[in-house]
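User: Please take a close look at the packing inside this protein, and connect the details into one picture. I would like cut-offs for the terms as you go.

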Amino acid sequence: MLIVAVLVIWMGGISVRLVHLQVTKHEWLKERAEGQRFDIRRSKLPRGAILDRNGRGLAMSVRVKTLYADPTEIEDVAAAAKTLAKVTGVKEKDLASQLAAAKADERKFVTLSKGLDDETVERINKALDDPKLRKADAPNFVGLHYREEQRRTYPYGTMAAHVVGFSNADGIGQAGIEQSQNDILYGAVIKKVQERDRLGRIYDESISEKEPPKDVVLTISTPIQFMVEQALEKAVKSSQARSGMSIVIDNKTGEILALANYPTFDPNKLNEIKHDNLPNAAVQLVYSPGSAFKLVTYSSALERKLITPTAEIDSGNGTIEVAKHRFRDSHSIGRVTYSKALAQSSNVCAIKTGMRVGKEGFYETLQNFGFGKRIGIELPAETNGIVRRLDRWNGDSLASMSIGYEIGVTPLQMATAFATIANNGVRVQPHIIKEIRQSDEQAVSVTQAESTRVVSAETARDLKVMLREVVLSGTGKRAQLNGYTSAGKTGTAWKFDEKIKKVNAAKYVSSFIGFAPVEDPAVTIAVVMDEPKVGGRDGGQVAGPVFREIAQQILPELNVKPDGLAEQVAEAEDIPETPSGGGPTASGIDDPAKTAVAASTPKRREPALEKKPVSPVKVKPVSLQPSRTLPSGSIDRSRGETRDTNKRKT
């Protein structure tokens, strides 16, 4: 009887245990069993490459490995930690603690070392090899495995850094093309389901694959970008400017051949990126263009046939008063032609011209040129600039805008305006992406730039004549070229200083924007210098020579035939240019604070320009590495072949 009772109790216990395991613990046991049979691994296809117009790799992904531990497979955690400490460089105590905690929690993944290249992996495998162990995968050490990863690399370092941008450790774009084209470049996740036997051997595998990432081909020319960056860096350092920007646009296609900012950064060294070198000022900086904006004033009058280049205008005694505000020229020029007035950068003549056009006509011209709205470049954080509605203009607003104040522009907007005139009045949509292609180099999308007529061909032709005079006899003499004709306009504007709440006579934005050759302009080149301190303040003195250095190098690179005198251009006497915003005691505007727009890289969109100027972002300059040489400029890094097809045929 006792035996029967024990047997009944034993069978009852077994039954209860079976019910518990099969019902209560069913799902948990199923997961454990599948975990032993199925090995689900996730990996990424390499992120798409970013290439220049000739196929040179500006951003590429390389295969690397992550060494990780599965603590559930490790019996002696302390011994494993001691061995791993010698290989990874991590403290033995920290490793032991980390592995023990993961083992207790039954976690199967603990990262030990990331971003390992083939050479490092081979060294680790050799150091960890256990001859007594038979294991299906490397390294031959109990509980250790590798996972395939990828690392982003930028072969040209700082070159075109603000265009290319960078991605983070997870492969997500954070700036530049890396950010704006992230969906195209992103490596699609591949999910592999592997079935293993009890010895860990794979006997079945299923793969789920998404559409692969694509490569982005830019309009940027690496040799031209290099030349522009070198000239800009040298100018910023020699003038001790806060920063500098330069853009080169192909007038006929709208392709941006170069876009540079200095200071810059190296996307390979994310820890060195700072607030003052990260923003792409060429598309984000909002500033008062000063006299360079007279291009818009005179084009507005020419388009309405109110003036001709050879007609005359009287500047009087070099002063004019509008709505109780007095504007002045740096020197009296008397009665001159409109070409001469632009060449001498007369504020009085520009204001009189703008007043003849009228508010409605001037506002229409602003809209036609595209000011106050984004250009639409394929880069993140482009700003609108600032153009107020007509009903918010003051009595002196038209006068101020006629000389480049009470308006905020970006360097790209100004470069586009000059490129429009260079292209006979037709605006070709500026763009920086040439095409999107598959990994087999087959194009799946080619940029088709939209063309819009902004002014008549006659207006553009007259403006070319006037802008040519600026370089020959006006404020832009330092932009004369050797062997090529050039045309353009200088700009010099005081800056509003947020600290002192008024215009600071020691701070300027100086610029020169022009094109060459004059008869059939190949490119437009914009140079903007923020707060130059040494070697002059005027746009003609500071930015003109940079334009000249860039143009002198890139025109032969583009195979553009010389059309001017092939002789060394002598330095001419500078003609002073009045900063259109004036200063506390300088000639210009008696109350410049009412018309100035501070140069800034805004974090938010400004709806309109009020009486109080836009506050500038407070940043400190940063010094970068010295001038560098072009790293293997003619080598196609994506395929290891020599190629250079960026020559322009004429």
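Analyst: Happy to! Let's start with the contacts: among those between residues at least 6 apart in sequence in the protein chain, 73% join residues at least 24 apart, where contact means heavy atoms within 4.5 Å. This is a predicted model, so local features need pLDDT of at least 70 and side-chain atom pairs count only at pLDDT 80 or more, while totals for chains, interfaces and linings use all residues. Residues are numbered from 1 along each chain as its sequence is written, and side-chain values use heavy atoms, with hydrogens and water left out.

The protein chain contains 19 helices and 25 strands; these are DSSP runs numbered from the N terminus, with helices being H or I of at least four residues and strands E of at least two. Of its 650 residues, 53% are buried. Buried means under 20% relative accessible area, exposed over 50%, and partly exposed in between, using a 1.4 Å probe and protein chains only.

The largest nonpolar core has 93 residues, and Ile177, Tyr298, Leu366 and Phe371 touch the most other members. Such a core is a set of buried Ala, Val, Leu, Ile, Met, Phe, Trp, Tyr and Cys residues joined through side-chain atoms within 4.5 Å. Helix H16 (residues 411-422) gives the largest share of this core, eight residues. Domain 1 (41-218) and domain 2 (222-437 + 450-638) both contribute residues, so the core lies between them; these bounds come from an automatic or database domain assignment. Setting aside neighbours within four places in sequence, Tyr298 is in contact with residues including Ile307, Tyr338, Leu342, Leu463 and Met466. There is also a second, separate core of 34 residues, with Leu232, Ala241, Val248 and Tyr262 among them.

Leu366 leads us to helix H14 (residues 359-369), where Gly361, Phe362, Thr365, Leu366 and Phe369 are buried. They cover an arc of only 145° around the axis, which puts them on the same side of H14; the arc is that of the directions from the helix axis to the C-beta atoms. The buried residues of H14 pack against helix H11 (294-303), helix H13 (347-357), helix H15 (397-402), H16 and strand E17 (426-428). Just after H14, Gly370 adopts a positive phi of about 95°.

Helix H5 (residues 118-128) also has a buried side. Val121, Ile124 and Leu128 are buried there, and their arc of only 65° around the axis puts them on the same side of H5. Asp118, Glu119, Glu122 and Lys126, on the other side of H5, are exposed. An α-helix has 3.6 residues a turn, so residues three or four places apart point the same way. The buried residues of H5 pack against strand E3 (57-69), helix H3 (77-88), strand E4 (110-116) and strand E5 (144-153).

Strand E5 holds Arg152, which counts as buried at 14% relative accessibility. Not counting residues up to four places away in sequence, Arg152 touches Ile50, Met60, Glu178 and Leu185, among others.

Ile50 brings us to strand E10 (residues 215-218), as Ile50 stands opposite Val216 in E10. Both faces of E10 are covered, with Asp215 and Val217 buried on one side and Val216 and Leu218 buried on the other. Strand E2 (residues 50-51) runs parallel to E10, joined by two bridges, and strand E18 (residues 433-437) runs antiparallel to E10, joined by four bridges. Two strands pair if DSSP finds at least two bridges between them. In E18, Ile436 stands opposite Val216.

Finally, an open sheet of five strands has the order E12-E11-E23-E22-E21, with antiparallel pairing. Strand E12 (256-262) and strand E21 (487-497) stand at the edges with a single partner strand each, so one side of each is left without a neighbour in the sheet. Neighbouring strands of this sheet are turned by 10° against each other on average, direction ignored. E21 is joined by 11 bridges to strand E22 (residues 502-516). Helix H17 (residues 457-473) lies across E21 and E22, at about 70° to E21; axes are lines fitted to C-alpha atoms, for helices over the stretch in contact, and angles run from 0 to 180 degrees between N-to-C directions. Helix H19 (residues 544-557) also packs on the sheet, touching strand E11 (243-250), E22 and strand E23 (523-530), with its direction at about 145° to that of E23.
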